[in-house]
Amino acid sequence: MELAGKIAVVTGGAHGIGRAIAEALIAEHADVVILDLNSDAVSKTADQIGAHGAACDVTHHSAIQQAINDITHDLGHIDIWISNAGVISADPDHVASASDQIWQRAWDIHVMSHVWAARALLPDMISRGSGYFVNTASAAGLLLQIGDAPYSATKAAAISFAQSLAITHGDDGILSSVICPQYVASSMLGYDVDDIIPDHPGLLTPADVARAVIDGMKEQQFLILPHPIVGEYAKLRASDPEKWIKGMQKLRRRILSQTDGIDPKTMHLLV
Ligand SMILES: NC(=O)c1ccc[n+]([C@@H]2O[C@H](COP(=O)([O-])OP(=O)(O)OC[C@H]3O[C@@H](n4cnc5c(N)ncnc54)[C@H](O)[C@@H]3O)[C@@H](O)[C@H]2O)c1
């Protein structure tokens with residue numbers, strides 16, 4: 001897809017991967033709006049990168065609808081919607097030990113916010129015969145995030161919804177891509193934007209991911225894998241699920257032998 005001149009919205013755009021995607025889209029001459037929880041953080045990032053910005057908590061259907069109404073009124077039809085906001089949580093104990101509130105938050109941010117955006121935008125996009133939904137899921141959705149069951153389950157659901165969009169609305173001229181990175185040095189893993197990133201194989205920067213996203217969008221690629229190895233793991237999981245489960249059990253044992261408990265903020269350097 002040609003990105004120049006398009007109106008693009010990035011949720012979770014104040015930090016990390018969302019911010020980097022917004023910057024990369026601006027470099028492609030798109031007109032970009034970032035949405036995020038905290039209005040000060042949104043304004044600061046928007047000023048720094050040359051985007052528009054607004055506060056929007058994507059766990060509220062009405063907030064997404066309001067943002068869409070405002071953007072359409074101020075800038076025109078939305079061409080590209082990037083559902084990128086996300087949160088992690090470490091399971092406090094066994095895999096079902098996270099509270100209902102944590103499960104619901106993961107479901108709302110990683111799945112329902114994608115559904116609500118599509119519900120609000122699809123009628124206009126179908127009538128125009130064009131539109132693009134890009135969903136930041138995760139390698140955790142194709143594979144698994146050991147130690148975070150709500151994250152893993154909802155990221156898998158996010159991939160499924162992106163597939164529904166692509167299959168059902170491809171013939172309406174609507175594009176859908178899903179981004180499935182493994183570990184990325186963002187605030188989610190405890191990194192600040194100016195931090196020196198450890199030289200660890202498999203740990204990418206948000207800018208690396210944004211480059212893969214722009215390339216994938218230009219190619220209209222459905223599955224965007226900034227870490228190509230994830231595609232190999234996904235093939236193994238599909239072709240030999242028994243071997244894959246055993247391999248993941250072994251990986252979990254190894255991590256537990258090297259650190260106290262399972263926390264994505266520490267374990268990403270052990271994978
Ligand atoms: N960092 C990684 O290793 C990694 C790997 C795979 C996928 N991802 C996914 O990438 C996406 C971006 O994460 P990131 O790594 O840049 O993390 P990040 O914490 O740097 O950025 C996430 C952004 O989402 C915003 N956000 C959280 N809840 C929100 C809400 N309810 N409404 C609006 N905004 C909200 C946060 O304020 C933050 O700006 C997430 O969906 C995450 O799951 C991250």
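Modeller: A helix here is a DSSP run of H or I with at least four residues, numbered from the N terminus. Keep in mind that this is a predicted model.

Biologist: What makes residues 206-219 count as a helix, H7?

Modeller: H7 has 14 residues, and a helix needs at least four, so the run qualifies. From its first C-alpha to its last, H7 reaches 20 Å, close to the 20 Å expected at 1.5 Å a residue. After H7 comes Gln 220, with a positive phi near 55°.

Biologist: Which residues of H7 are called buried?

Modeller: They are Pro 206, Val 209, Ala 210, Ala 212, Val 213 and Met 217. Being buried takes 20 or more other C-beta atoms within 10 Å of a residue's own.

Biologist: How do you know that they sit on the same side of H7?

Modeller: They cover an arc of only 160° around the axis, so they share one side of H7. The face turned away from that side carries the exposed residues Lys 218 and Glu 219. Covering the buried residues are, among others, H1, strand E5, strand E6 and strand E7.

Biologist: Which residues have the most contacts inside the largest nonpolar core?

Modeller: Val 9, Ile 21, Val 32, Ile 34 and Val 213 do, in a core of 73 residues. Helix H4 (residues 100-128) gives the largest share of this core, nine residues. Beyond its sequence neighbours within four places, Ile 34 touches residues including Val 10, Ala 22, Val 42 and Ala 51.

Biologist: And what comes nearest to the ligand?

Modeller: Gly 12, Gly 16, Gly 86, Ser 186 and Met 188 do, out of 27 residues around the ligand. Helix H1 (residues 16-27) supplies the largest share of that shell, three residues.

Note on methods:
Residues are numbered from 1 along each chain as its sequence is written. This is a predicted model: local features need pLDDT of at least 70, side-chain atom pairs count only at pLDDT 80 or more; totals for chains, interfaces and linings use all residues. A residue is near a molecule or strand if its C-beta atom, placed from the backbone, lies within 6 Å of it. Helices (H or I, at least four residues) and strands (E, at least two) are DSSP runs, numbered from the N terminus. A nonpolar core is a set of buried Ala, Val, Leu, Ile, Met, Phe, Trp, Tyr and Cys residues joined through C-beta atoms within 7 Å. A residue is buried if 20 or more other C-beta atoms lie within 10 Å of its own, exposed if 12 or fewer, and partly exposed in between; C-beta atoms are placed from the backbone. Two residues are in contact if their C-beta atoms, placed from the backbone, lie within 7 Å. The expected span of a helix is 1.5 Å times one less than its number of residues. The arc is that of the directions from the helix axis to the C-beta atoms.
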